[in-house]
Amino acid sequence: MITWTIINVLCLEPVKIKDDYVNVIFRTVIFYFFLGPRLTCITLYRTAEGMHSMKLGLVAVITVSVVAGMLLLNNYAMQANAQGNATASQSGALLGYGGQIFGLVDVSTNDHLTKINVASDFLPPAGKVFEVWMVDGNYAASGYPLSLGQISPTGTLKYNENLVYAPTYTDIVITVEPQNDKDPKPAWSQSVAGYWMIPPFGQ
């Protein structure tokens, strides 16, 4: 309530000084940082109405309208940028030892929202599961393995998550793991297939 009282006093009252551009600019900066683009535009619109009702110069009204429009466009630009880049997709074969095709993988990402589908006809040994990993395997990289989950009994895996920055990863690797495995790390010695992802991955 106190905040809106201050806003009503400082913001919504018509400008008292004829063609007081300094006052308008000062308000614009303060409102933008404290109220955000949308409320700033509303406030400037009300200020323009006050100017017009007091029969101030047309130039002053236009100035306020242009500033409000610029703030609104800047807000839309920031929202569009936050949605991420265009989605890039790729598909390929998961290759095992000797070049044997273990299965197929489909990957799509906009650098953040990442979807990965895996399909395979192979069955794990008794008491074991196939676990899928996305690995940061570039030279001097972290080597961090992100578990995408286990391939289902029907031979499929579907992964859909919003990552901080997906292109840092380079490979998809399939390992054989014990059922109900309590070790969160992959059993690298039990790797059975892999897929090297093309750009935008590998950054």
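Strands (E, at least two residues) and helices (H or I, at least four residues) are DSSP runs, numbered from the N terminus. The structure is a predicted model, in which local features need pLDDT of at least 70 and side-chain atom pairs count only at pLDDT 80 or more, whereas totals for chains, interfaces and linings use all residues. Residues are numbered from 1 along each chain as its sequence is written, and side-chain values use heavy atoms, with hydrogens and water left out.

Backbone geometry is considered at the outset. Asn180 lies in the loop between strand E7 (171–178) and E8, and its phi is near 55°, a positive value in a residue other than glycine. With a relative accessible area of 75%, Asn180 is exposed, where exposed means over 50%, buried under 20% and partly exposed in between (1.4 Å probe, protein chains only). A positive phi is also found at Asp111, where the value is near 90°; Asp111 is placed in the loop between strand E2 (101–109) and strand E3 (113–120), and its relative accessible area of 12% makes it buried. Pro199 and Pro200 are joined by a cis peptide bond with omega of about 20°, and Pro200 is found in the segment after strand E8 (191–196). Most residues other than glycine have a negative phi, and most peptide bonds are trans.

The loop between strand E4 (128–135) and strand E5 (145–150) holds Asp136, and Asn138 is likewise found in the loop between E4 and E5. Asp136 is buried yet has no salt bridge, and the nearest side chain of opposite charge, that of Lys185, is 17 Å away; for charge, Lys and Arg count as positive and Asp and Glu as negative, while His and the chain ends are not counted. Residues up to four places away in sequence being left out, Asp136 touches Ala141, Ser142, Gly143, Tyr144, Thr168, Tyr169 and Thr170, where contact means heavy atoms within 4.5 Å. Asn138, with a relative accessible area of 33%, is partly exposed and touches Thr170, Gly202 and Gln203, again without residues up to four places away in sequence. The C-alpha atoms of Asn138 and Thr170 are separated by 6.6 Å, although these residues are 32 residues apart along the chain. A polar atom of the Asn138 side chain lies 2.7 Å from the backbone oxygen of Gly202.

A salt bridge is a side-chain nitrogen of Lys or Arg within 4 Å of a carboxyl oxygen of Asp or Glu, and by this rule the count comes to one. In this salt bridge the side chains of Asp183 and Lys185 meet at 3.2 Å, N to O. Asp183 counts as partly exposed at 37% relative accessibility, while Lys185 counts as exposed at 53%.

Strand E8 is the place of Ala193, a residue that is buried, with a relative accessible area of 8%. Leaving aside neighbours within four places in sequence, Ala193 is in contact with Leu94, Leu95, Gly96, Phe102, Ile172, Val173 and Ile174. The C-alpha atoms of Ala193 and Gly99, which are 94 residues apart along the chain, are separated by 9.2 Å.

Methods. A polar contact is a pair of N or O atoms within 3.5 Å; within protein, one must be able to donate a hydrogen and the other to accept it, and residues adjacent in sequence count only if both atoms are side-chain atoms.
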